[in-house]
Amino acid sequence: MQTALYISVLIISSCGLVYELLAGTIASYLLGETVTQFSLIIGTYLFSMGVGSWLSKYVEKDLIPKFLEIELAIGLVGGFSAAILYLSFGQIRFFQVPLFLLVILVGILVGLEIPVLLRILKKELQFKELVSRVLSLDYVGALLASILFPIFFAPKLGLIRTSFLFGILNAGVALWGTWALPLKYSRMILLRAQSVIVLTLLVLGFSFSDLITYYSEETLYTDEIILSKQSQFQRIIVTRWKNEIRLFLNGHLQFSSRDEYRYHETLVHPAILAHPSPKNVLVLGGGDGLAVREILKHEGVQKITLVDLDPAVTGLFADHTVLKELNEGSLKNPKVTVINTDAFVWLEESGETFDVVIIDFPDPSNFSLGKLYTTAFFHVLKRRMNETSVLEIQSTSPLFARSSYWCIEKTISSLGFQTLPLHVYVPSFGEWGFVLAGQKPIRFREKYPEHLRFLNAEELKSIQTFPSDMSKVPVEINRLDNQALVRYYDREWNRILD
C-alpha cells in the first residue's frame with residue numbers, strides 16, 4: 001500500500017504543477033506574456049492548495065476511497081483544462097473567469113490530497129518519517145514536471161495533448177489504486193467504473209487533440225491558417241487572407257506582409273548607412289530572414305551572421321515555399337550563416353567583431369527576454385564591436401510603452417554609446433520605435449540601395465523627430481538585478497490591453 005501511495009504523491013505533485021504551467025502558458029499566449037499574468041496564476045494556485053489543505057479536515061471517513069475520487073477529479077478537471085481554456089477564449093468575453101476557476105479548482109483538489117494521504121499513512125509510519133517521505137516525494141514530482149514540461153511535453157506533444165496525458169496519468173493511478181489499496185468490494189467496483197469512464201473520456205480527448213487544437217485556433221485567428229507548428233520554444237502560426245501573410249508566435253503578431261517593409265527598412269538601413277563601409281553584419285533574432293533580406297540590398301556587405309534561438313523558425317523561413325518568398329530566399333544566400341542558439345551565450349563565446357549589429361528580439365515581456373535589454377547584455381555586445389561599429393535595436397512602441405522605449409535608450413547610452421532614437425508608423429502595430437547607437441556621433445552616407453519602398457533621405461530625417469506624446473521621460477537604467485524595463489513594459493501594455 002505504501003508504494004502505491006508514494007507513487008501517487010509523485011503523480012499528484014507533477015500533474016498539479018503541469019496543469020498550472022499549462023494555465024500560465026495558455027494565458028500568456030492568449031492574453032499577453034506578462035510577469036503579472038504568470039505570477040497571479042502561480043500565486044492563486046498556491047493559495048488554493050492552502051484552501052484545499054484547510055478543507056481536508058472535513059474529510060473524516062472512508063479516506064482511501066475519497067483519496068481515489070479526488071485523484072479522478074484532478075485528472076478530469078486538469079486533463080480537460082487546456083482544451084477548455086483554448087475553446088472558451090473565443091467564446092467568453094471575460095476569459096479570466098474560466099482561467100482562474102480552473103486554477104482554483106485544481107489547486108483545491110491537489111491541496112486536499114496530500115493531507116488525506118498523510119492521514120492514511122499515519123498508522124504505518126512515525127510522524128517525522130511520514131512527513132519527510134511524503135514531502136520529499138512531493139518536491140521531486142514538482143521538479144520532474146518543471147524540467148520535462150518545457151523540454152519535452154510542450155514542444156513534442158503540444159499543450160492540449162500534454163494536458164490530456166497528465167489527466168490520463170491521474171486517472172490511471174486511481175484505477176491502479178483500486179487494486180493496490182484495501183477497499184470494500186462494492187466501493188471498489190464503483191471506483192473502477194468511475195476510473196474507466198474518466199480514462200475513456202481523457203483518451204478520447206487525447207486522440208482528438210489535433211482536432212481540438214485546429215478548431216480552437218480557427219476561432220482565435222480570423223484568417224486561414226496555412227501553417228501551425230509547436231517548436232521547443234513557441235507556437236508558430238502563419239495565416240493568409242488574400243495576398244496578406246501574417247506570422248504569430250505564441251499568439252502575438254510578428255509581422256504582416258502588407259506593411260512589414262516599413263518595419264524592416266527602418267530597422268536595417270539606418271544602421272547600414274551609419275557605417276562608412278559595412279562588410280560584416282550580425283543579426284540577433286530575426287529568424288524570419290526579413291532583416292537579412294534588407295541587408296543583402298547593400299552590395300558591399302560580404303558576410304551576415306544570423307543568431308536566432310529557434311531552429312524551427314529559421315528552418316520554416318528557409319524552406320517553406322510561401323515564407324521564403326517573403327524574405328526572397330535570404331536565409332539560403334551564400335553570404336548568410338545561420339546559428340541557432342541563445343544570443344547572450346553566443347556573444348560571450350564569440351571572438352568576432354562586427355561592423356553593424358541588427359537586433360530584432362521580441363519585446364521584453366518577461367525576465368528571460370528582459371535580460372537581452374540589460375546593461376550586462378550590451379556590455380558583452382560592445383566587446384563584439386569596434387570604434388566605428390553601430391547597432392540598431394527594435395525597442396517597442398514609444399507611444400504605447402513610452403517609459404519602456406526610453407528605458408532601452410537610456411540603458412544603451414549608459415554604456416558610452418551615442419544614441420539616435422527613431423520611430424516609424426507600421427499600420428499593423430501603430431507607432432514603433434528603434435534605437436540606433438555607436439561610439440561616435442551618427443553620420444549617414446547618402447547612397448541608398450535601390451528598390452526601397454519606404455525609406456529615403458526625407459523619411460530618415462522625419463523619423464528622428466518625436467512629438468510631445470512620445471518625447472523622452474525620466475526612467476531607470478535596465479540592469480540584471482532590477483529588470484526595470486520588464487516592470488515598465490508590464491505596466492504600460494497591461495494598461496493598453498485593459
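1. Start with Glu-352. This residue is partly exposed, with a relative accessibility of 25%. The model is a predicted one. Its partner is Lys-303: the two side chains form a salt bridge, 2.9 Å from N to O. Lys-303 is partly exposed too, at 33% relative accessibility.

2. Where do Lys-303 and Glu-352 lie? Lys-303 belongs to strand E6 (residues 303–307). Glu-352 sits in the loop between helix H13 (343–349) and strand E8 (354–360). The pair therefore ties together parts that are 49 residues apart in sequence.

3. Salt bridges can also share partners. Here they join Glu-260, Arg-293, Glu-294 and Lys-297 into one network. One of its links is Glu-294 to Lys-297, whose side chains meet at 3.1 Å, N to O.

4. Is Glu-294 buried or exposed? Glu-294 is buried, with a relative accessible area of 1%. Buried means under 20%, so this residue falls within that class. Lys-297 is partly exposed, at 23% relative accessibility.

5. Now look at Glu-69 and Arg-187. Their side chains meet in a salt bridge, 3.1 Å from N to O. Glu-69 lies in helix H3 (residues 63–89), and Arg-187 lies in helix H7 (residues 185–207), so this pair ties together parts that are 118 residues apart in sequence.

6. Glu-69 is partly exposed, with a relative accessible area of 29%. Arg-187 is partly exposed as well, with 22%.

7. How many salt bridges does the model hold? The count comes to 13. Those described above are among them.

Definitions and conventions:
Residues numbered from 1 in each chain as written. Predicted model: local features only at pLDDT ≥ 70, side-chain atom pairs only at ≥ 80, totals over all residues. Heavy atoms only, no water. Salt bridge = Lys/Arg side-chain N within 4 Å of Asp/Glu carboxyl O. Helix = DSSP H or I, 4+ residues; strand = E, 2+ residues; numbered from the N terminus. Buried < 20%, exposed > 50% of the residue type's maximum accessible area, 1.4 Å probe, protein only.
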